[in-house]
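Hi,

Here is the structure I promised to pass on.

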Amino acid sequence: MATSALHIAAAVIFSVDSKTLLVRKRGSPFFMQAGGKIEPGEQPLAALIRELGEELGLVVELQQARWLGRFGAPAANEPGLHVEAELFEIAGRGDVTIGAEIDEITWIDPWAPGSLKLAPLTRGTILPLCQALLRDRAG
């Protein structure tokens with residue numbers, strides 16, 4: 001039996017001290033990357049730019065985004081669904097503020113996320129990817 005997929009666009013955002021931003025959406029116990037569902041006919045990056053504006057008050061230009069790939073995992077907040085995420089690294093961000101749908105934001109060390117309850121995609125795929133990106137930059 002095929003599992004239904006939820007198509008999203010999500011952002012890896014690093015601070016100057018190499019921490020990565022996670023959000024906890026309203027009504028969810030899970031922390032995850034900022035982003036959201038891709039609307040029918042919408043391009044993934046356009047969806048991400050829209051979601052980052054709504055959720056965090058960020059204004060992102062196309063050239064500030066680098067596509068990292070498409071990744072999947074069980075959906076954190078919708079039992080029985082699989083999430084397929086178009087993942088982008090966002091550079092040159094401004095101040096982050098809590099906006100629509102977000103209850104909490106936090107910056108974490110990708111190697112030591114602490115006791116936060118993490119979404120499966122964040123825990124199993126995105127944090128290891130963040131570690132690899134930071135290792136590559138360190139040279």
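A term to start with: a nonpolar core here is a set of buried Ala, Val, Leu, Ile, Met, Phe, Trp, Tyr and Cys residues joined through side-chain atoms within 4.5 Å. Buried means under 20% relative accessible area, exposed means over 50%, and partly exposed lies in between, using a 1.4 Å probe and protein chains only.

Please keep in mind that this is a predicted model, so local features need pLDDT of at least 70 and side-chain atom pairs count only at pLDDT 80 or more, while totals for chains, interfaces and linings use all residues. Residues are numbered from 1 along each chain as its sequence is written, and side-chain values use heavy atoms, with hydrogens and water left out.

Now the cores. The largest one has 21 residues, and I13, L48, L52, L56, L58 and I90 have the most contacts inside it. At least two of its residues come from each of β1 (4–13), β2 (20–25), α1 (44–56) and β6 (81–90); α1 gives the most, with five. (Helices, H or I with at least four residues, and strands, E with at least two, are DSSP runs numbered from the N terminus.) A second, separate core has 17 residues, including I8, A73, A75 and L129.

Next, α1 itself. Its buried residues are L45, A47, L48, E51, L52, E55 and L56. Leaving aside residues up to four places away in sequence, L52 touches A11, I13, A34, G57, L58, V60 and I90. After α1 comes G57, with a positive phi near 70°.

- Q131 lies in helix α2 (residues 120–138) and is buried, with a relative accessible area of 19%. Its side chain reaches the backbone oxygen of P110 at 2.9 Å. Not counting residues up to four places away in sequence, Q131 touches P110 and W111.
- L81 lies in strand β6 and is partly exposed, at 22% relative accessible area.

Best wishes

Note on methods:
Contact = heavy atoms within 4.5 Å. Polar contact = N/O pair within 3.5 Å; in protein donor to acceptor, adjacent residues only side chain to side chain.
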